[in-house]
Structure formats: structure tokens, C-alpha cells
Amino acid sequence: GEGGELPGYKVVGKIAETRKATPGVGLISPPPHHDMYSIEDVAQLIRDLKNANPSARISVKLVARIGIGVIASGVVKGKADHLTISGMSGGTGAAKWTSIKHCGLPWEIGVAETHQTLVLNGLRDRVTVQTDGQVRTGRDVVMAALLGAEEIAMTTSPLITLGCIMMRKCHLNTCPVGVATQDP
């Protein structure tokens, strides 16, 4: 995925200050890591984060795709404590429409491949696996657990209970029910 878009007019005050960003300049959230070109680069970032905070639980989010098991194995060998396998149907309403519609594979494929590859390589006990991406029902939760996930992130259902009507306008600050707006 490409992350959510935060338009420049929303990057003001505390938001700009917290993100150490130039007010008025749009952001992608989370920001891309332009210095990451290999699994060794990921491992170095994990080491740096653990050196900065030895008690931190370091999590890496991967988009479900063919070959994710090999990538996940490298991340676990790099000493990540937690993996999130994100399915193709999830994502923020603030993401580009092309990312929402054309990124990744179903979380079921990603979790199954990740779990199997980690088990085959003797790495499964080193990491907690989580999944997200349209996990909505009790059946989905059971399936995720059976496929190897220990944690499940559900976001759409809770947002709907808070009043979200799925307008896909999160990035425009025009949410008609006020769930995704910074305006008082």
C-alpha cells in the first residue's frame, strides 16, 4: 500500500508540529522509507529502534502477496517482535483509490503463507502474527486464528459503530458524520 494521504491544508498546528512537517505541505501516512532497499536495511532499522528503546515491541506491516513468507522470514531474522499481514481489502479511507482497489492479496493467503514459511524455517516462535484488512465477523476471526494469526485487527466494524457511513472522504476533511474530521 501507499498509505493515507493527508492534504496540506490539514498539516497545520499540532499536526505539523507532531510530525515535524512543514505546515501546508501534504503528507503520506505513514511516510515511505526511501532508504530501505533490502531486508538488511529493515534489520538495521529494527536494530536502531531497539537500541533507542530496548523494551519496545517492534512491529513490521507487510501487504499480503505471493512470496510474503520469505519476506516475513527475513523480517523475523532481523529481530522484529510482531508482524502484521495486511490484506488487499483493508486500508484507510484516506488512501489513493488505486491502492484501495489494486494492492495485495486476501489476508487469508498472506497469513497462511507466512505461518507455514515461518514454521518450516523454525522461526514461528519468535514473532507474533497479526492480520487486518476486512476482518469483520466472528468467522473471519476464527479463520485467521486457524491460519496462524494470534492477533486480529478490526477497524471497519468499529468505525461503523461510531457512525461512519463509508463515504471514503477521510482525506478531504468533509466527513458528513464527523468521524474523520479535525474541525471542531
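Biologist: Among contacts in the protein chain between residues at least 6 apart in sequence, what percentage join residues at least 24 apart?

Modeller: A contact here means heavy atoms within 4.5 Å. Of the contacts in the protein chain between residues at least 6 apart in sequence, 56% join residues at least 24 apart. This is a predicted model, in which local features need pLDDT of at least 70 and side-chain atom pairs count only at pLDDT 80 or more, while totals for chains, interfaces and linings use all residues. Residues are numbered from 1 along each chain as its sequence is written, and side-chain values use heavy atoms, with hydrogens and water left out.

Biologist: How many helices and strands does the protein chain have, and how do its elements run from the N terminus on?

Modeller: Helices (H or I, at least four residues) and strands (E, at least two) are DSSP runs, numbered from the N terminus. The protein chain has seven helices and six strands. Their order from the N terminus is β-α-β-α-β-α-β-α-α-β-α-β-α. As for burial, 34% of the 184 residues count as buried. Buried means under 20% relative accessible area, exposed over 50%, and partly exposed in between, with a 1.4 Å probe and protein chains only.

Biologist: What is the strand order in the open sheet, and which strands are at its edges?

Modeller: Strands of a sheet pair through backbone hydrogen bonds, either parallel or antiparallel. Two strands count as paired if DSSP finds at least two bridges between them. Here an open sheet of four strands has the order E3-E4-E5-E6, with parallel pairing. The edge strands are E3 and E6 (151-152), each pairing on one side only.

Biologist: How many bridges join E3 and E4, E4 and E5, and E5 and E6?

Modeller: E3 and E4 pair over five bridges, and Lys61 has Thr84 in E4 as its bridge partner. E4 and E5 are also joined by five bridges, with Leu83 opposite Val129 in E5. E5 and E6 have two bridges, and Thr131 is partnered by Ile152 in E6. Of the five residues in E5, four are buried.

Biologist: Which strands does H3 touch, and which strands does H5 lie across?

Modeller: Axes are lines fitted to C-alpha atoms, for helices over the stretch in contact, and angles run from 0 to 180 degrees between N-to-C directions. H3 packs on the sheet and touches E3 and E4, its direction making about 170° with that of E3. H5 lies across E4 and E5 (128-132), running at about 145° to E4.

Biologist: At what angle do H3 and H5 pack?

Modeller: Angles under 35 degrees count as roughly parallel, over 145 as roughly antiparallel, 65 to 115 as roughly perpendicular and the rest as oblique. H3 (residues 68-77) and H5 (residues 107-120) pack at about 55°, with their axes 8 Å apart. That makes H3 oblique to H5. On the H3 side, Ile68, Gly69, Val70, Ala72, Ser73 and Val76 meet Gly110, Glu113, Thr114, Thr117 and Leu118 in H5. These residues divide into five nonpolar, five polar and one charged. The classes are Ala, Val, Leu, Ile, Met, Phe, Trp, Tyr, Cys and Pro as nonpolar, Asp, Glu, Lys and Arg as charged, and the others, Gly among them, as polar.

Biologist: How many residues of H3 are buried, and what covers them?

Modeller: Seven of the 10 residues in H3 are buried: Ile68, Gly69, Ala72, Ser73, Gly74, Val75 and Val76. Their cover includes H2 (39-52), E3 (59-63), E4 (82-86) and H5. H3 is followed by Lys79, which has a positive phi near 85°.

Biologist: Where is Asp81, and which residues does it touch?

Modeller: Asp81 is in the loop between H3 and E4. Asp81 counts as partly exposed because its relative accessibility is 25%. Not counting residues up to four places away in sequence, Asp81 touches Lys50, Ala56, Arg57, Ile58, Arg126, Val127 and Thr128. Asp81 and Ile46 are 35 residues apart in sequence and 9.5 Å apart in space, C-alpha to C-alpha.

Biologist: At what angle do H5 and H6 pack?

Modeller: H5 and H6 (residues 138-147) pack at about 25°, with their axes 8 Å apart. The two helices, H5 and H6, are therefore roughly parallel to each other. Trp107, Glu108, Val111, Ala112 and His115 of H5 make the contact with Asp140, Met143, Ala144 and Leu147 of H6. This contact of H5 with H6 has six nonpolar residues, one polar and two charged.
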